[in-house]
Structures are given as structure tokens and as C-alpha cells.
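Please examine the structure shown below.

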Amino acid sequence: MRIHSPALLVLLLCSLLAGAANAEPSPEPTYKDCHPGDKAALLAFKAAFGEAYDFASWTPNNPCCDWYDVTCDRFTGRVIGLAIFQDANLTGTIPTALAGLPHLEDLTLRHLPGLSGPIPPAIGKLSNLSSLRISWTAASGPVPSFLGALKKLNFLDLSFNSLSGAIPASLGTIPNLSGINLSRNRLTGAIPPMFLSKSPHQDVYLWLSHNNLTGPIPADFAAVNFTHLDLSRNDLTGDASGLFGRGKELQYIDLSRNAFDFDLSGLVLPERLYFVDVSHNAIDGSIPAQVASMSNLNFFNVSYNRLCGPVPAGGNMAGFDLYNFQHNKCLCGAPLPSC
């Protein structure tokens, strides 16, 4: 067809462009059945636990991306998430079939009191894991050093288990790790040197409370950008003053029930602190006057130490009572007896 009129040519082009603009976009793929290898691994995982209620929807005839507790990537159909939690009837060890889920990014096994035995090497093969949570179980044995091979791991939670032995230094070398929770276990020995010192994050979380850890904290901790730090209820010793300082991101710190020994007098507390518990240690010196002017501070406990001098007055100090300052060497002033 030969078009002689320029106006007609313009009209035709506009019509074509309008039609293209109004055309419906291509539908994004949404997978129902996961990759056959992933499905086989999940069915083997289920078989290891028998007929536990949590796996009622896990049948070969059902698309596995619709199974309860399973998350698939909508573009590839690969299994990227597995979260099993709050099932008291699930008993046994962590199945090695997990190694057949190579694209897994998030693994959660939580509040499973019948889950026992060691953490299997199969988990060390899940190189795409960014989040690993095995907590509130009866898992025992050591914290495996092979977890250090999970270079994409961002968060590790192994709390409320029966893990024993030392903390492997390999955990602290995971490049993207921003949070570790190993609290409420039976861990012993020292915190590894250089632990988390290479973390690039500005908000590092570390919970090691309620263990049997000993020795001083690593000197490198002074350079880590902790936001939350809980080392309470261990047998840690030495100087922890390097954890404090102007310009730090620290918001929550619990050093209570250890044997830390340092002078509190000259410390500069980070302005964003809202929780400080250093009770039940061997800390001496006096309470910095700065405490009274910290508007974010809503918990401050220095009881059972060796502090002396007057308790700062004014500001937010009215919110703290005798409980926060009792059993010190010669601390005085309200709410304690006058100096």
C-alpha cells in the first residue's frame, strides 16, 4: 500500500504506537511445581520425620510450591525458603536431605523441642543461604566450623539449644554477616580473636548470653559497629571499656553477670543508647555525669560493682531507682543515702 498523504502517514503511526502502548504486558511466570530435584529433596526431608502434622500438604500430587512452609522463586521455581516451626510432635535429627536444596536462601527450624542431634554437614553445602535459624530445639554437639563456608550468610541464629564446645573462629570471617545469636547454649572457651571485625555493616548484632564463655573480649570489638550486644551471664573478664565511645552506633548493651573490671569514670556513652546493664561485675570508678542528660536512656543498671562517688542528679535520673545502683562500694546520693 502506497501512502501519498503525509497527514495519513502520521495518523497511521500514531495508531500503531497507541496500540503498542495499550497492549497488555507479558504475564510474569509463577511456578506451582518446583524443580524435580527440589521436590525429591523435600519428600526425603518429610520421610525422615514420618507423618508429622506439619507435612500434611506435602504429597507428590500437589504442586510443591503450594506446600505449607515452602517458598519458591516465582521466576525459576527453585525452592528458596523452608520454615518449620512450633511442632512438638516432630522428632528426630536434622535430615541430610537438605543438601538437595542448593538454591535455599532461608532455613528456619524453630520451636521444635523434639529435634535433636548435631547440625549436619549437609547444611554447609547450602551455599546460597542468607539466613539460618535453628533455635529452641534440642540440637547438640558443637557449633560447626563448616558454617564459615556459607559466604552469603547474613544472619545466624542458633540460640536456645544444647550446643557445646568453643565458638569456631570461622563464623567471624563470613563477609556479610551482620547478626549472630548463640545465646542460651553450653558454649565454653574464649570469644575468637578478630570475631566479626571484618563485618562491613553499620548495625552488627551479637548475642552470646547464658553460656560459659571465659577470658577477655577481643580487642577488635572496639572497631565493630555493634548496635545490639549481649554478653551477659558468662565468665568473661578484663576491660570492656572499648565497647563504648562517642560516635558509636551502640543502642543496647548487656554485660551483666560477668567479671569485667574497668574504670567507668571516663567513659563517653554513645548517644543512641537506650539500654545499659553492667551489673554484677567488678567495675570501679564513678558514674559519668553524661548519664543524666541522655534522653534515649530508659534502662541503666550498675548495681553490684565497686563504684564510688555521687549518683548524677537531674535529667532522666528520676526514672531509675535503688535497684539500679545498690551494692556498690561507696556510691551515694539519691536514691541511695546522701553522700
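**Strands, disulfides and enclosed spaces**

Strand 19 and strand 20 run parallel and are joined by 3 bridges. The model is a predicted one, in which local features require pLDDT of at least 70 and side-chain atom pairs count only at pLDDT 80 or more, whereas totals for chains, interfaces and linings use all residues. Residues are numbered from 1 along each chain as its sequence is written, and side-chain values use heavy atoms, with hydrogens and water left out. Strands here are DSSP runs of E with at least two residues, numbered from the N terminus, and two of them pair if DSSP finds at least two bridges between them.

The pair belongs to an open sheet of 3 strands in the order 17-19-20, with parallel pairing. Its edges are strand 17 (284–285) and strand 20, each of which pairs on one side only. Within this sheet, cysteine 308 has cysteine 330 in strand 20 as its bridge partner.

These two cysteines are also linked through their side chains. Cysteine 308 and cysteine 330 form a disulfide (a pair of cysteine sulfur atoms within 2.5 Å), with 1.5 Å between the sulfur atoms. The torsion about their S-S bond is about 90°, so this disulfide is right-handed. Because cysteine 308 lies in strand 19 (residues 306–310) and cysteine 330 in strand 20 (residues 330–332), the pair ties together parts that are 22 residues apart in sequence. How accessible are the two residues of this link? Accessibility is classed by relative accessible area, with buried meaning under 20%, exposed over 50% and partly exposed in between (1.4 Å probe, protein chains only). Cysteine 308, at 22%, counts as partly exposed, and cysteine 330 is partly exposed with 37%.

Two further disulfides can be described in the same terms. Cysteine 332 is joined to cysteine 339, S to S 2.0 Å, and this link is right-handed, with 90° about the S-S bond. Its two ends fall into separate classes: cysteine 332 is buried, with a relative accessible area of 13%, whereas cysteine 339 counts as exposed at 66%. Cysteine 65 and cysteine 72 form another disulfide, with their sulfur atoms 2.2 Å apart. Here the torsion about the S-S bond is about -95°, so the disulfide is left-handed. Cysteine 65 counts as buried at 13% relative accessibility, and cysteine 72 likewise counts as buried at 16%. By the distance rule, the count comes to 4 disulfides. When the bonded cysteines of the chain are numbered in sequence order, the pairing reads 1-2, 3-4, 5-6, 7-8.

Strand 7 (residues 162–165) and strand 9 (residues 186–189) pair in the parallel sense over 2 bridges; serine 164 has arginine 186 of strand 9 as its bridge partner. Strand 9 is in turn joined to strand 11 (residues 212–216) by 2 bridges, and these strands run parallel. In that pairing, threonine 188 stands opposite asparagine 212 of strand 11.

The remaining topic is empty space. Rolling a probe the size of a water molecule over the atoms shows where such space is left. The search uses a 1 Å grid over the protein atoms alone: a cavity is a set of points where a 1.4 Å probe fits but cannot get out, a pocket is an open set with protein on both sides within 12 Å along at least five of seven lines, and lining residues have an atom within 4 Å of a point. Grid points are joined across faces, edges and corners, and a volume is the space filled by probe spheres set on the points.

The largest pocket holds about 160 Å³ of space. Of the 13 residues that line it, the closest to its centre are Arg233, Arg257, Asp277, Ser279 and Tyr323. The lining of this pocket divides into 2 nonpolar, 7 polar and 4 charged residues, where Ala, Val, Leu, Ile, Met, Phe, Trp, Tyr, Cys and Pro count as nonpolar, Asp, Glu, Lys and Arg as charged, and the others, Gly among them, as polar.

Which cavities does the structure contain? The whole structure has 2 cavities of 30 Å³ or more. The largest cavity has a volume of about 50 Å³ and is lined by Phe244, Leu264, Leu269, Val276, Val278, Pro288 and Phe300. Its lining comprises 7 nonpolar residues, no polar and no charged. The second largest cavity, of about 40 Å³, is lined by Phe221, Ala222, Val224, Phe226, Leu243, Lys248 and Leu250, which divide into 6 nonpolar, no polar and 1 charged.

Definitions and conventions
Helices (H or I, at least four residues) and strands (E, at least two) are DSSP runs, numbered from the N terminus.
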